[in-house]
Amino acid sequence: MTTMTRLTLKTEGDTHIVVTRHFAAPPEAVYRAHTDPNLIQKWLLGPEGWTMPVCIHEARPGGKIRYQWTHPKKGSFQLTGELLELTPYSRIVHVERMHLPDPTPDNHVETRFEPDGAGTLMTMRMTLPDSNTRAAMLATGMEGGMEASYARLETIL
Amino acid sequence: MTERFDLDASFAALADPTRRAILARLALGEATVTELAKPFEMTQPAISQHLKVLEQAGLIVQRIDGPKRPRRLAKAGMEAMDQWLAMLRKGLEKNYERLDEVLAAMESHPKGKK
């Protein structure tokens with residue numbers, strides 16, 4: 001089995017993380033998978049075992065975002081946010097915050113989709129107001145594929 | 001077990017922007033507390049407190065040079081930062097592997113368009 005990681009991730013300064021990833025589908029499809037709640041619900045799940053019973057994503061400027069994840073053993077938590085700008089098939093700007101249960105400071109995210117050969121190059125730039133947010137985000141296990149040690153980090157913070 | 005504990009300490013140490021900035025500075029080479037305090041609007045005792053956390057996490061080490069205690073980056077310091085990012089990368093990759101499948105399914109069942 002080959003596990004080809006086409007993802008790149010780098011930090012930029014103190015409060016940015018830039019992620020790039022190639023997809024073997026055109027920008028139209030990748031954009032749709034990022035804006036259609038029925039599709040988002042299928043992939044934005046983080047580590048194994050989590051499901052997203054609530055997925056609200058109103059794909060228009062000012063539209064609301066609300067994702068709720070649950071895990072049979074680890075409980076549940078939610079993320080809320082607002083969409084700021086949408087340029088069909090090429091760009092999404094939104095803010096989001098986790099509720100753990102207290103809300104983390106806003107994470108400002110810009111996601112771009114560009115044609116890349118027959119597929120798409122996605123560039124996601126996260127802007128976090130401070131690094132505690134980044135660590136808290138990791139601690140939830142949502143983005144990070146974190147195990148127990150990261151859940152403990154959450155209590156440290 | 002010890003490893004796991006150290007990893008936790010590393011991540012907690014890295015959770016603070018001042019401490020990460022200190023690590024970034026030390027990545028350039030050894031520095032004294034005075035030198036480290038300079039770019040921050042912080043007192044030396046405050047910087048020393050951060051250095052203590054970094055030391056306990058095994059991310060930096062100090063050398064005794066007369067009255068000075070220059071700090072430098074421990075190998076673990078770099079490794080911890082790399083690992084932290086690797087974990088994030090791993091989680092995102094999992095999401096995007098699922099997204100690959102979603103996209104493949106969309107292609108075989110196009111919704112109207114094209």
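I count two residues as in contact if their C-beta atoms, placed from the backbone, lie within 7 Å. With that in hand, I opened the notebook at P37(A), which touches C55(A), I56(A) and H57(A), leaving aside residues up to four places away in sequence.

**Ground rules.** This is a predicted model, in which local features need pLDDT of at least 70 and side-chain atom pairs count only at pLDDT 80 or more, while totals for chains, interfaces and linings use all residues. Residues are numbered from 1 along each chain as its sequence is written, and chains are lettered from A and ligands numbered from 1 in the order in which they are written.

**More on P37(A).** I found P37(A) in helix α2 (residues 37-43) of chain A; helices here are DSSP runs of H or I with at least four residues, strands are E runs of at least two, and both are numbered from the N terminus.

**Chain A overall.** I counted four helices and eight strands, in the sequence pattern β-β-α-α-β-β-β-β-β-β-α-α. Of the 157 residues in chain A, 34% are buried. Among contacts in chain A with a separation of 6 or more, 35% are between residues 24 or more positions apart.

**The sheet.** In what order do the eight strands of chain A stand? I read β1-β2-β8-β7-β6-β5-β4-β3, an open sheet with antiparallel pairing; two strands pair if DSSP finds at least two bridges between them. At the edges I found β1 (8-12) and β3 (51-57) of chain A, each with a single partner strand, so one side of each has no neighbour in the sheet. Neighbouring strands of this sheet are turned by 20° against each other on average, direction ignored.

Helix α1 (residues 27-35) of chain A packs on this sheet, touching β2, β3, β6 (91-99), β7 and β8 of chain A, and its direction makes about 155° with that of β7(A). Axes are lines fitted to C-alpha atoms, for helices over the stretch in contact, and angles run from 0 to 180 degrees between N-to-C directions.

- β1(A) and β2(A) are joined by five bridges, and E12(A) stands opposite H16(A) in β2(A).
- β2 (residues 16-23) and β8 (residues 119-127) of chain A share eight bridges, with V19(A) partnered by M124(A) in β8(A).
- β7 (residues 107-116) of chain A and β8(A) share nine bridges, and H108(A) faces T127(A) in β8(A).

The hairpin of β7(A) and β8(A) has two residues between the strands, and there G117(A) takes a positive phi near 65°.

Chain B has five helices and two strands, following α-α-α-α-β-β-α. Its 114 residues are 29% buried. I then turned to pLDDT, the predictor's confidence in each residue, from 0 to 100. The mean for chain B is 77, with 68% of its residues at 70 or more. Where is confidence lowest in chain B? It is lowest in helix α1 (residues 2-14) of chain B, at a mean of 56, and highest in strand β1 (residues 60-62) of chain B, at 91. Over residues 1-5 of chain B, pLDDT stays under 50. Where pLDDT is low, the predicted coordinates should not be read in detail. For the complex, I noted an ipTM of 0.77 and a pTM of 0.64 from the predictor.

Terms used: Buried ≥ 20, exposed ≤ 12 C-beta atoms within 10 Å, placed from the backbone.
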